[in-house]
Amino acid sequence: SPDVYDAIPTIVTTFVAIIAKISIFIFLLELVHYTGESVFNINFTWTTSLLLSSLISLIIGTVVGLRQFRIKRLYAYSTISHIGFILLA
């Protein structure tokens with residue numbers, strides 16, 4: 001993702017970042033809606049899996065983003081970190 005953000009124009013970079021956030025949010029809503037308790041008979045909850053993936057996304061997006069010197073690559077890792085915040089909500 002950061003390589004893609006670095007190679008495209010700034011206007012398109014903003015569009016790609018916004019569409020990525022919206023599409024992942026819609027995907028997660030549909031995933032939780034269509035998979036109920038009847039599919040999984042084990043002690044699986046969406047809360048723990050979303051919490052773990054959000055924490056991993058927050059850590060990776062923040063730590064790797066701190067080392068970036070190009071603004072577009074920083075924007076890409078900021079998007080990864082924002083996905084973690086969306087998952088945490």
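Trainee: Which residues of helix 3 meet helix 4, and which residues do they meet there?
Mentor: From helix 3, L50, L51, S53, S54, S57, L58, G61, T62, V64 and G65 meet L74, Y77, I80, S81, I83, G84, F85, L87 and L88 of helix 4 (contact: heavy atoms within 4.5 Å; helices: DSSP runs of H or I, at least four residues, numbered from the N terminus). This is a predicted model, in which local features need pLDDT of at least 70, side-chain atom pairs need 80 or more, and totals for chains, interfaces and linings use all residues. Residues are numbered from 1 along each chain as its sequence is written, and side-chain values use heavy atoms, without hydrogens and water.

Trainee: How many of those contact residues are nonpolar, polar or charged?
Mentor: The contact of helix 3 with helix 4 has eleven nonpolar, eight polar and no charged residues (Ala, Val, Leu, Ile, Met, Phe, Trp, Tyr, Cys and Pro are nonpolar; Asp, Glu, Lys and Arg charged; the others, Gly among them, polar).

Trainee: At what angle do their axes cross?
Mentor: Helix 3 (residues 46-66) and helix 4 (residues 71-88) cross at roughly 160°, with axes coming within 8 Å (lines fitted to C-alpha atoms over the stretch in contact, angles from 0 to 180 degrees between N-to-C directions). Helix 3 is therefore roughly antiparallel to helix 4 (over 145 degrees; under 35 is roughly parallel).

Trainee: And helix 2, how does that cross helix 4?
Mentor: The axes of helix 2 (residues 10-34) and helix 4 come within 11 Å and cross at roughly 20°, so helix 2 is roughly parallel to helix 4.

Trainee: Which residues meet there?
Mentor: T10, T13, T14, A17, A20, K21, I24, F25 and L28 of helix 2 meet K72, Y75, T79, H82, I83, I86 and L87 of helix 4. Nine nonpolar, five polar and two charged residues make up the contact of helix 2 with helix 4.

Trainee: Changing topic, what is the fold over residues 12-32?
Mentor: That stretch is 100% helix and 0% strand, and its end C-alpha atoms lie 30 Å apart.

Trainee: Where is confidence lowest and where highest?
Mentor: Confidence is lowest in helix 1 (residues 2-7), at a mean of 78, and highest in helix 3, at 87 (pLDDT, the predictor's confidence in each residue, runs from 0 to 100). The protein has a mean pLDDT of 81, and 87% of its residues reach 70 or more.

Conventions: Helices (H or I, at least four residues) and strands (E, at least two) are DSSP runs, numbered from the N terminus. Angles under 35 degrees count as roughly parallel, over 145 as roughly antiparallel, 65 to 115 as roughly perpendicular and the rest as oblique.
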